[in-house]
Amino acid sequence: MKTTGILWKRIFSFMVLIFMALTIVQPLAPVSAQAQAQAPDGPQPITIQPVKVGVSLPRDPSTLPTEVAAPQQTDPPAASVPGAMPAPLAIWDGLTNQDNLSPVGTGQLVIPPDANGDIGPSHYIQVVNNLFRVYSPTTGGTLELYRRISDLFAGFGGLCETNDEGSPIVLYDHLSDRWIISQMARDISAPDFEYHQCVAVSMTPDPVSDAWYLYDYQITTTSADLYINPKLAVWTNGYYMSVDQWKYNAATSSWSAAGQGVAVFERPRMLVGQNARIIYFDLKNSNPELSKMIPVDLDGFPPLAGTPGYFVQVDDDGRGAPADQIRIWQMDVNWDNEFAAWGEAKNLPVSSFDSKFTCNTTTFTYDCIPQVGATASQYLDVLSERLMYRAQYRYQDGAEHMILNHTVDTGTDHAGVRWYHLKTDALAEWSVADQGTYAPDAHHRWLGSAAMDASGNIAVGYSIASATLKPSIRYAGRLAADPAGQLSQGEVTVVAGTGIQTDASSRWGNYSSMVVDPIDQCTFWYTNEYYLSGGGAMDWRTKIAKFNFGAGTCTTPAITTISGTVYDALTNQPIVGALVSTNTGYTAVTGLDGIYTLKNMPSNQVTVTASATEHVPSVKTATPPAISVDFYLSRSEDDFDGALVIADIPYLDMADTTIASSADDDPTIANCGLGKGSATLWYKFTPSDNQSVYLDTLGSSYDTFIAVWTGLRGSFTPIVCNNDSGSVKQSSLSFPALAGTTYYVEVGQATTIAPIGGDLVFHATTFSDVKGNNWAWRFVEGLYNAQVTGGCGANPLKYCPDAIVTREQMAVFILRAKYGSTYSPPPVGLSTGFADVPITSGFAAWIKELAAQGITGGCGGENYCPKNPVTREQMAVFLLRAKYGTTFVPSDPIGVFADVPTTSGFARWIEKLAEDGITGGCGGENYCPKTGVTRAQMAVFLDKTFDIPLLP
């Protein structure tokens with residue numbers, strides 16, 4: 001990534017991270033945080049892989065809730081302070097503490113509520129502590145009543161499924177039309193502390209009906225044992241997070257602050273459910289003065305390409321800082337170039353303030369907010385030592401904007417809201433464009449959240465209380481043209497509380513939430529807490545309010561939509577799940593039809609990239625109004641450098657190679673008597689053990705060759721090749737592969753005569769005598785993978801598909817297929833029970849156990865006939881007794897097969913086998929009951945009876 005000179009001026013120190021190679025195999029190994037090399041003056045970066053990646057369980061359509069109408073507030077509030085600020089457009093009930101006691105709740109009351117919410121085109125999601133609820137933004141109706149956040153992780157395993165530690169954040173990623181919900185999951189049992197951040201990313205824009213991608217990250221550093229207050233934000237290249245680090249002192253059994261942690265999640269991969277890294281910076285040693293930072297969250301149009309993600313904190317000289325100031329830091333990350341940087345962007349002096357209240361100097365909290373009729377022990381915490389969530393970012397009119405707020409003491413422990421509007425100039429330098437403290441009367445205002453709409457109007461929501469006013473929810477605002485430093489549009493009450501909080505903790509929410517509609521960019525949504533009279537000590541409730549500044553005060557920006565289809569260039573078929581992204585951070589994922597849509601974009605020229613697994617990315621420039629862009633992605637294995645990995649054998653690949661190419665430096669196959677071919681695809685395989693490998697293209701529609709090489713591009717060593725396999729134009733070969741050696745397989749057309757290429761069927765099989773065109777090969781591979789059989793011979797490995805199965809062999813096959821590959825029968829003892837099966841036979845114990853389970857009674861005369869072939873009629877009885885038990889008797893036969901009369905003793909068993917879908921007969925409406933069962937047929941019978949998965 002090329003960083004502008006201006007950006008480099010703003011970077012104080014930088015790091016180059018060399019990341020470990022990624023795999024997309026899931027589940028993943030437990031995380032091992034790996035510290036990277038660092039610059040002498042820089043922080044230590046840590047690359048963290050997820051503990052696990054998965055997908056949420058599918059929702060049963062019958063359990064999806066229907067919309068429940070929202071109860072509307074009957075008396076719209078009037079302005080509490082004279083002014084022009086309009087009343088809410090709508091007010092809805094949010095989650096309550098009583099919801100935690102419901103059947104789907106956590107089973108216990110919690111305090112304080114951390115009320116957070118975000119708005120999308122068709123949903124508003126509120127998260128409070130451990131629960132989330134989904135609303136219709138047009139009616140306020142409930143689309144998802146409420147669930148524990150951990151319910152998203154049901155069946156996922158680990159702490160994310162079992163723990164609801166709260167501090168939740170919900171974000172609508174408007175650049176990708178996706179939702180993110182995150183919370184903590186912790187084990188705080190000394191000394192083995194565990195901290196997990198659990199993140200769910202919706203697979204589609206519908207967070208109710210559709211599934212979520214699930215991520216579990218465990219953060220470990222030498223500085224900290226525990227992390228609190230995680231705050232997340234959306235940015236163009238990642239989801240950014242801040243946490244407060246804490247260290248445990250075993251000697252004193254106490255905790256102490258351990259500095260700041262900041263991180264970025266690999267957003268591009270999370271949007272498609274792939275293995276996604278975290279880059280984490282432990283700042284305790286490099287920047288010990290940093291504390292209680294929050295990431296900056298993007299609203300509206302994205303900034304210029306390459307703009308880093310921001311973090312901010314407020315400093316108070318009354319708390320030991322050199323000045324009252326806002327500090328802006330930035331993290332610059334490029335996932336493709338494996339580069340990350342952390343440094344200070346700007347240190348901004350601000351108007352003097354005091355955030356250190358004096359009402360309580362004995363604890364880290366300041367319980368200074370009085371309540372009507374409450375004792376001093378029930379006063380509420382002002383939470384004044386940090387910026388309040390969110391820190392909002394907008395890029396508009398060619399400048400960057402930031403809206404911040406925190407609580408300050410306006411005199412004699414009187415809480416007010418200090419708000420800031422930061423802005424960049426023509427040189428991209430940050431400055432304070434406006435600031436003010438809102439405390440118009442004797443009431444206390446705190447726990448604020450602030451945001452700006454698309455026309456520069458600013459709204460601030462907050463809690464309000466005093467000795468004469470019970471805790472309530474209000475908001476105030478200013479128009480862009482109002483006098484500086486003032487929220488001059490007045491103040492509006494969302495809900496007037498009628499109760500107080502009497503719990504001794506004195507805690508009052510960690511944050512409230514002000515967000516702006518991503519579509520009209522003019523409507524504000526705010527959620528916060530309050531109490532009603534008659535409630536318990538912790539009986540908090542929440543409200544959600546929707547409002548704007550009135551007609552004519554805000555203009556929705558003009559937007560552009562780019563859409564198109566992503567195709568596989570070889571097959572001309574649409575690609576499902578392709579990721580399409582712009583250089584400015586907009587992303588979309590193709591659906592089943594291969595169509596993508598990039599929504600709500602500014603009317604600027606952008607670079608659009610389409611990428612998909614096993615394909616070469618394609619890049620195009622899109623200039624409105626040309627807003628339809630299709631992509632044709634070449635398969636990555638069309639070139640040696642993109643060779644498709646054969647991770648395991650057996651392996652099957654099918655492709656249309658009619659437009660596959662042959663690179664100029666593709667090696668020739670002169671040792672097969674041919675020159676360079678065409679329609680070439682590449683594969684590579686690295687065995688972990690010495691083994692024989694069998695390859696073929698049997699079933700392909702054109703003349704193929706296969707060549708196997710080792711070495712590097714431009715310097716290959718031929719191993720083996722084949723042009724024609726017997727009398728057919730397709731190819732097959734085998735070779736002994738050595739452990740740890742990488743083999744490159746070139747598959748191409750043996751001539752250059754048109755037409756070029758065709759339908760390729762490429763197999764890598766386990767057995768040398770069960771090629772890819774064998775009718776039963778997938779069943780045989782499934783049986784081998786389940787370790788029911790090891791074949792009939794080695795060097796080379798063979799299966800003997802046409803050999804007839806004997807009765808003694810069948811005893812082993814059935815018991816292993818039923819009980820698993822590790823099963824062993826009981827010792828045979830002094831007798832097998834059959835005159836013709838001596839106890840010295842290798843099959844003795846298996847035959848005796850088969851009889852003990854009632855699966856066989858022998859062949860008559862106290863004999864088992866171990867060497868006799870198993871007939872197809874006998875097989876029917878063996879299989880069904882093993883499947884259903886010895887007391888099972890099928891229904892009377894009705895005459896399904898022409899060669900199995902209903903008078904046959906085997907008829908009912910054979911017809912039940914057909915009814916279960918295990919057999920379709922031997923052809924011509926016959927079953928061939930007296931015919932011996934081949935090993936290939938046996939594989940089919942066993943796989944279908946015992947539900948053994950087929951491969952590949």
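In this predicted model, a polar atom of the Gln-874 side chain lies 3.1 Å from the backbone nitrogen of Thr-871, a polar contact (a pair of N or O atoms within 3.5 Å; within protein, one must be able to donate a hydrogen and the other to accept it, and residues adjacent in sequence count only if both atoms are side-chain atoms). Gln-874 belongs to helix H7, residues 872-884; helices (H or I, at least four residues) and strands (E, at least two) are DSSP runs, numbered from the N terminus. Gln-874 counts as partly exposed because its relative accessibility is 22%, where buried means under 20% relative accessible area, exposed over 50%, and partly exposed in between (1.4 Å probe, protein chains only). Leaving aside residues up to four places away in sequence, Gln-874 touches Arg-807, Pro-869 and Phe-906, contact meaning heavy atoms within 4.5 Å.

Turning to the strands, E13 (residues 194-202) has eight of its nine residues buried. Strand E12 (residues 178-187) runs antiparallel to E13, joined by eight bridges; two strands pair if DSSP finds at least two bridges between them. Six residues separate E12 and E13 in a hairpin, and Ile-180 stands opposite Val-201. E13 also runs antiparallel to strand E14 (residues 212-218), through seven bridges, with Cys-198 opposite Asp-216.

Residues are numbered from 1 along each chain as its sequence is written, and side-chain values use heavy atoms, with hydrogens and water left out. As the model is predicted, local features need pLDDT of at least 70 and side-chain atom pairs count only at pLDDT 80 or more, while totals for chains, interfaces and linings use all residues.
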